Amino acid sequence: MARFFTEPAFAHQNPAKIGVLLVNLGTPEAPTAAAVRPYLRQFLSDPRVVEIPKPIWWLILNGIILTVRPKKSAEKYASIWTKEGSPLKVWTEKQAKLVKGLLGESLPGQLVVDYAMRYGNPSIESQIAKLKAANCQKIIIVPLYPQYAASTTASVNDEVYRVLQKTRFQPAIRTVAPYFDHPAYIAALAQQVRSHWQVNGRGDHLLMSFHGVPRYTLSKGDPYHCHALKTGRLLAEALELTPEQYTVAFQSRFGKAEWLKPYTSKVIDDLGKKHIGQLDVFCPGFVADCLETLEEIAIEGKHDFVSAGGKKYNFIPCLNDQPLWISTLETLIKTELTGWLTNGKADSRNENQLNQTLSLAKTLNTPN
Ligand SMILES: C=CC1=C(C)c2cc3[nH]c(cc4nc(cc5[nH]c(cc1n2)c(C)c5CCC(=O)O)C(CCC(=O)O)=C4C)c(C)c3C=C
Ligand SMILES: [Fe+2]
Ligand SMILES: [Fe+2]
């Protein structure tokens, strides 16, 4: 009887915490066809990724793609796999650890920072369950995609809300807005290129390669193309490059349909044929090195450039664990935290954090 008049147990679990979940795409468990197949099945069954009507796509996916692609992709994964596992997972895990270190200092005991993968493990579902079990009643979702695409950012949000649909006591959610033009992110990108120039010399041309998406998504209103072009322009400005000194292109085309152009493979081939001295290649849209950057760009791209007649090919690694990038993540998260910690009232902490990141960027980002 008394049970009905007491508060439920969770009300006594004080203080409630705030969870932070970094979310990236996901990767197979092993570089084998058997491990790549279920990963591709989950990825390519997402209607945000492939928008072909389900019955037709089911036949193509199960009839051709899942028979042929896992073996081919597994061979590519094998060429980039590390002792610790898939690079995408290794970097994402490290990013979560580093961000946790930075945020923990300012809010000891109040935050739980972790990461999840949209496809494969650890899943968004299991990680939200973990955060709830740690009494996180508010969760900040950080999609590790600076440029918004329905196939990436929206898919992460869809999955978060699908999980919450099954939840009785839902945590409050904030999702980090696209940060393709955030000054701290642009400063981190510029620093990454400059530090590479310091080691390998400045190339004759900088190719900025973004993951592609089907061309029709642009006419349907997906802002991805515009976000990528703006990131490219801002990075070029930060590096003081003229329009002739850089190219924005799109890689990783999947299937026969037209994707965003120019295609990276074509640009690499054309620049190789021009016999340019040194080509620098950077992937600003990927915040962690992965199959698409390490195999397609670093290995295949180099081979194609040199075969076409190019001389020196310089692959610039992704942001990975670069301090300015980790501090960018901290800034993005603190922007959301500020809203919650001050109940929506304006707060100077947020601005201070951004200023701190930018002044750090200035000291590191001295021109060559
Ligand atoms: C950075 C943003 C990404 C967008 C946008 C994106 C769109 C997109 N991708 C596919 C198909 C595949 N992508 C694959 C790998 C892959 N894609 C991204 C990121 C974006 N994809 C990353 C980070 C990775 C690497 C994962 C890793 O394990 O390292 C793959 C799997 C590999 C393969 O078999 O080629 C596929 C397939 C589509 C169809 C799409 C937009 C509609
Ligand atoms: Fe992809
Ligand atoms: Fe690829």
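Helices (H or I, at least four residues) and strands (E, at least two) are DSSP runs, numbered from the N terminus. This is a predicted model, in which local features need pLDDT of at least 70, side-chain atom pairs count only at pLDDT 80 or more, and totals for chains, interfaces and linings use all residues. Residues are numbered from 1 along each chain as its sequence is written, while chains are lettered from A and ligands numbered from 1 in the order in which they are written.

**View 1. The protein chain as a whole.** Twelve helices and eight strands are found in the protein chain. Of its 368 residues, 41% are buried (20 or more other C-beta atoms within 10 Å of the residue's own, with C-beta atoms placed from the backbone; 12 or fewer is exposed, and in between is partly exposed). Of the contacts in the protein chain with a separation of 6 or more, 80% join residues 24 or more positions apart (a contact requires C-beta atoms, placed from the backbone, within 7 Å).

**View 2. The binding site listed by UniProt.** An unreviewed UniProt entry lists H211 and E292 under "binding site"; UniProt positions are given in the numbering used here, feature names are shortened, and annotations may be inferred rather than shown by experiment. H211 lies in strand β5 (residues 205-211), and E292 lies in helix α10 (residues 291-308). H211 is buried because 27 other C-beta atoms lie within 10 Å; E292 is buried because it has 22 C-beta neighbours inside 10 Å. Not counting residues up to four places away in sequence, H211 touches Q251, S252, G285, F286 and E292. With the same exclusion of residues up to four places away in sequence, E292 touches H211, Q251, S252 and F286.

**View 3. The surroundings of ligand 1.** Ligand 1 is surrounded by 22 residues, of which the closest are T27, S73, H211, C290 and L291 (a residue is near a molecule if its C-beta atom, placed from the backbone, lies within 6 Å of it). Helices α2 (54-80), α5 (150-165) and α10 each supply at least two residues of this shell. The shell has twelve nonpolar, eight polar and two charged residues (Ala, Val, Leu, Ile, Met, Phe, Trp, Tyr, Cys and Pro count as nonpolar, Asp, Glu, Lys and Arg as charged, and the others, Gly among them, as polar).

Key. Two residues are in contact if their C-beta atoms, placed from the backbone, lie within 7 Å.
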